[in-house]
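Keep the structure open as you read.

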Amino acid sequence: MKIIVPMAGIGSRLRPHTLTVPKPLTVIAGKPIVQRLVEDIASVIDEKIDEIAFVIGTTAKGFPTDTEAQLLKIAAELGAKGSVYVQEEALGTAHAIYMAKESLSGPCVVAYADTLFKADFTLDVNADGAIWVSKVANPSAFGVVKLQDGFITDFIEKPKDFVSDLAIIGIYYFKSGDKLLEEIQYLIDNDLKENNEYQLTNVLESLKQQGAKFIPGTVDAWMDCGKKDPTVDTNKQVLGFEHEAGNNLVAKDVVLENSEIIQPCFIGENVVLKNTKVGPYVSIGANSVVENSTIVNSLIQSNVAISNANLDNAMIGNHAKYNGKYTSVSIGDYTELT
């Protein structure tokens, strides 16, 4: 089994946090978003992952020079071969997958790296394909699928009238990566664009018309990492899942001086807490120091210095310094706010 992860966008909606770190490498509860994504996929496909292929943008588009090394490390930690491809120009969802054409063979999962999910289903790898979906309250804002007898019959983009509440979350299984590549190649060779882009939905429709039967993979939780507030909420949900699973995410060498940690929390290595109450639902990265503060429901990266703060729904980047009374702050890497 292979996993193809298009992540060519740097993530402008999450600025300032994506000015120095691509959104998929933003750390949530101690792990990059993209690492959690592929781990969650591995848990539902129940198959050995042979290769993880990442599609990134160029350094000119904001991708740091060490992005490839970070991604290869993530693949290696899952026991898989890592491959990294570069999409020079953003020409649509199908085009991003096409950049990884050398890896498109055999069974594969395609997952766009700006979302996380929680599910307890096991994928039927004998199906022609599967589309991960989640029930939503406002289906008119999403692409949705219609079902009949357990199979997907239609894909509808942002329906004005109610047809289904099952939204496509951006993760797909294809029994034949070769066939997927063939259909994308047909789009490109014939310059079949929609809104000036090569779209995966056109490929799905073509495969369906040729007789491919797609099944839904319904997830229990769909977590967005697009903007600051949803990302902080995703951190909260992930910490809750980890706590329910009995996982302790507090490093053994955390220094507590007249301080308290209220679970669930992630506290990285070499963190010092002085006269501080942290939690619930707080992540603090390694080598950070927090003094005279109260922090709840916040996502704080590594090498951060915080003092005299009362934080809630805050997101603070790496190597930042914060000393102030603002509550719901959002500051990026290497920022000083005092």
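How many bridges join β7 to β13, and do they run parallel or antiparallel? There are 4 bridges between β7 and β13, and the two strands run antiparallel. Strands here are DSSP runs of E, at least two residues long, numbered from the N terminus. Two of them pair if DSSP finds at least two bridges between them.

A word on the ground rules. This is a predicted model, in which local features need pLDDT of at least 70 and side-chain atom pairs pLDDT 80 or more, while totals for chains, interfaces and linings use all residues. Residues are numbered from 1 along each chain as its sequence is written, and side-chain values use heavy atoms, with hydrogens and water left out.

Stay with β13. In a regular strand, side chains alternate between the two faces of the sheet. Ala-221 and Met-223 make up the covered face of β13, Trp-222 and Asp-224 the uncovered one. Trp-222 has 27% relative accessibility, so it counts as partly exposed; that class lies between buried (under 20% relative accessible area) and exposed (over 50%), with a 1.4 Å probe and protein chains only.

Now the rings. Rings of Phe, Tyr and Trp (its six-membered ring) pair if their centres lie within 6.5 Å; planes under 30 degrees apart are stacked, over 60 edge-to-face, the rest tilted. The count comes to 7 aromatic pairs. Tyr-112 and Tyr-172 form an edge-to-face one, 6.4 Å centre to centre with 90 degrees between the planes. Tyr-112 lies in the loop between β6 (108–111) and β7 (115–118), and Tyr-172 in strand β11 (residues 166–174), so this pair ties together parts 60 residues apart in sequence. Both Tyr-112 and Tyr-172 are buried.

Phe-142 sits in the loop between β8 (129–135) and β9 (143–148), 80 residues from Trp-222. Phe-142 is partly exposed, at 24% relative accessibility.

Ring pairs also build a cluster: Tyr-112, Phe-155, Tyr-172, Phe-174 and Phe-214.

Charges meet rings too. A charge sits over a ring if NZ of Lys or CZ of Arg is within 6 Å of the ring centre and within 35 degrees of the ring normal. Lys-213 lies over the face of Phe-151, 5.2 Å from the ring centre. Lys-236 lies over Tyr-281, at 5.1 Å.
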